[in-house]
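User: I would like to learn how to read the features of a protein model, taking the general idea before the case.

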Amino acid sequence: MDAYAEISALFDPDQLNPHLATSPLPGLSRTSWLWAMPLAPWLAQGDPLAEGVVTELRARQLPLSRPLPAIRQLASEGNAVCRDFLADMEAVPEWVDFDLMRRGGKMAYRHFPQLMIALIHGGLMTTFASADSARILAGTGRLEQNVVRRLFESSTLFFGVLDTEALRPGGAAWEICLRVRLMHAMVRMRLVSTGGWQVIHGQPINQLHTAAGPLFFGEMVLERLQSLGASIQPDEYEGYYLIWRYVTRLLGVPRGLLGETVEEQKAIDARILPLCFSPDDNSRLLAEVLLTGLKKLPDAERVPRSVHEVLARRMLGDDKADAMGIPRHPIGAWLAGVFVLGLRLYSWMLWIPAVARRAESFGKHYVNNMVKRGLAGVAADYQPH
C-alpha cells in the first residue's frame, strides 16, 4: 500500500500517457491500478484538443454548426490543431469490436420499449443527480426553454450509436460524437472565461464526469433493462457496454480513464458511482422539467405525468427518487409491477427467431422515426445556446 500512496502523491494526469494500456506501477495489474488510481486530479482536466479546435475555428470565423468539413480542410492544409484532433477522433482503440457492438445494438433495438424507459427515466434522470452537471444544464436554460427539443437532440446520440456501423470514423453517429465533444468544449470555455465557474472545484464537464458515460448509459441501463424483463445474452451485454466505452472515448476521455476490458471498466464505474449522486435544487428543478416535458413527446400526450413519476422511481430506486423530489405513488408502484410482467412476456416472445427479427426491425424504425418527428425537420445543432 506504500506504493499506492506514493503514486497517489505524485500522480499527474498531464504526464500520463492517454493511450496507456498497462499499469504505470511495475508489478501492478492494470485493473489493480484502476482501483488505486487517484480520481481527483481528473476533475481538473478539460479537453485541450477540442478546445484548440474551437479556438482555431472561431479565430478563422469558420462555422461551428457544421465543423467537420472545416476541420478536415484545415487538417489537410497542415494545421496541427485540427490534424491532431482528427487523428484522436479517428484512432480506433484495439479493444473496439464492431461485430460485438453490433450484437449489443441489435439487442437494444429488440427491447426498444424497455430501452426508452431505461434511457430517459433512468439514464438521463441520473445525469441530473450530479450537482455539477445539474448546475451546467440548468445554467444553459435549454432544458427549461424547450424540453422536447433538448430531449430529441440528446436522443440523436442515445439512439444513433445503436447503429454501430455509423460509429466507424466518418459515420453519422461518429460525427455526432465529434460535435457533442466540441459542444462540451464550448460550454467549458464559456463558463471558465466568464467567471461563471470556480475552477478550484474542477473544470466544468471535466474528464472524470464525462467518464461516467459507460456507467450511466452502459452498465446502469443494462441493469435497468434486465429489471424491466429484458433477456440479454452475455455477448449482447458486453457489446452494448462496449458501445458506451467507445462513445466515451470519442467524447474525449483518455484511455487512461477507461477500461480495456469489462472487468477494468467495472472497476472504474464502481469508483465513479459514489461521486455522481449529489442532487441539489438544480437537480430537482431539472427532474421536474423533464417529468413535465415527457407528456409532450410524440405518442405520449395521453400518458399521465404520474406514470412517468412511477417509472422514474422504478429506475432510480426509492431513496434516489426521494432525493430527486419525485413523488411516491403506492398504487402506481403496484401497477408498474404488472406492467413489467407484460414486458417480461414481450421478452419471452423474442426467443422466437422470427419475432426477434421483426421486433429488431420495428424497434430500429420506431426510435429513428420518433427522433425524426421530435426534431420536426430542424437538425440538431449541438450548440450551447
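The dialogue below goes from the whole chain to single residues.

User: What kind of model is this, and how are residues numbered?

Analyst: This is a predicted model, in which local features need pLDDT of at least 70 and side-chain atom pairs count only at pLDDT 80 or more, while totals for chains, interfaces and linings use all residues. Residues are numbered from 1 along each chain as its sequence is written, and side-chain values use heavy atoms, with hydrogens and water left out.

User: How many helices and strands are there in the protein chain?

Analyst: Helices (H or I, at least four residues) and strands (E, at least two) are DSSP runs, numbered from the N terminus. Here the protein chain has 20 helices and 0 strands.

User: What share of the residues counts as buried?

Analyst: Buried means under 20% relative accessible area, exposed over 50%, and partly exposed in between (1.4 Å probe, protein chains only). Of the 385 residues in the protein chain, 55% are buried. Accessible areas come from the Shrake-Rupley method with a 1.4 Å probe; for residues, only the protein chains shown count as cover. The chain's accessible surface is about 16,800 Å², and carbon and sulfur atoms contribute 58% of that.

User: How do I read contacts along the chain?

Analyst: A contact means heavy atoms within 4.5 Å. Among contacts in the protein chain with a separation of 6 or more, 76% are between residues 24 or more positions apart.

User: Which residues does Tyr246 touch?

Analyst: Tyr246 sits in helix H14 (residues 234–250) and is buried, at 0% relative accessibility. Residues up to four places away in sequence aside, Tyr246 touches Val92, Pro93, Trp95, Val96, Phe98, Met101, Leu167, Pro169 and Trp174. Tyr246 and Leu167 are 79 residues apart along the chain, with their C-alpha atoms 8.8 Å apart.

User: Where is Phe98 found?

Analyst: Phe98 belongs to helix H6 (residues 98–110) and is buried at 10% relative accessibility. Beyond neighbours within four places in sequence, Phe98 contacts Val92, Thr164, Leu167, Arg168 and Tyr246. Phe98 also lies 9.1 Å from Leu242, C-alpha to C-alpha, across 144 residues of sequence.

User: Is Arg181 buried or exposed?

Analyst: Arg181, in helix H11 (residues 172–193), is buried because its relative accessible area is 2%. A polar contact is a pair of N or O atoms within 3.5 Å; within protein, one must be able to donate a hydrogen and the other to accept it, and residues adjacent in sequence count only if both atoms are side-chain atoms. The side chains of Arg181 and Asp47 make such a contact, at 2.7 Å.

User: How do I read the length and ends of a helix?

Analyst: The expected span of a helix is 1.5 Å times one less than its number of residues. Helix H16 (residues 281–293) has 13 residues and reaches 18 Å from its first C-alpha to its last, close to the expected 18 Å. Asp280 caps the N-terminal end of H16, with a side-chain oxygen 3.1 Å from the backbone nitrogen of Asn282. Buried residues of H16 include Ser283, Leu286 and Leu290.

User: Which residues make the nonpolar surface patch?

Analyst: Patches are made of residues with over 30% relative accessible area and no salt bridge; like charges are joined within 9 Å, and nonpolar side chains (Val, Leu, Ile, Met, Phe, Trp, Tyr) within 5 Å. A salt bridge is a side-chain nitrogen of Lys or Arg within 4 Å of a carboxyl oxygen of Asp or Glu. Ile331, Trp334, Leu335 and Val338 make a nonpolar patch of about 470 Å². Trp334 lies in helix H19 (residues 330–349) and is exposed, with a relative accessible area of 61%.
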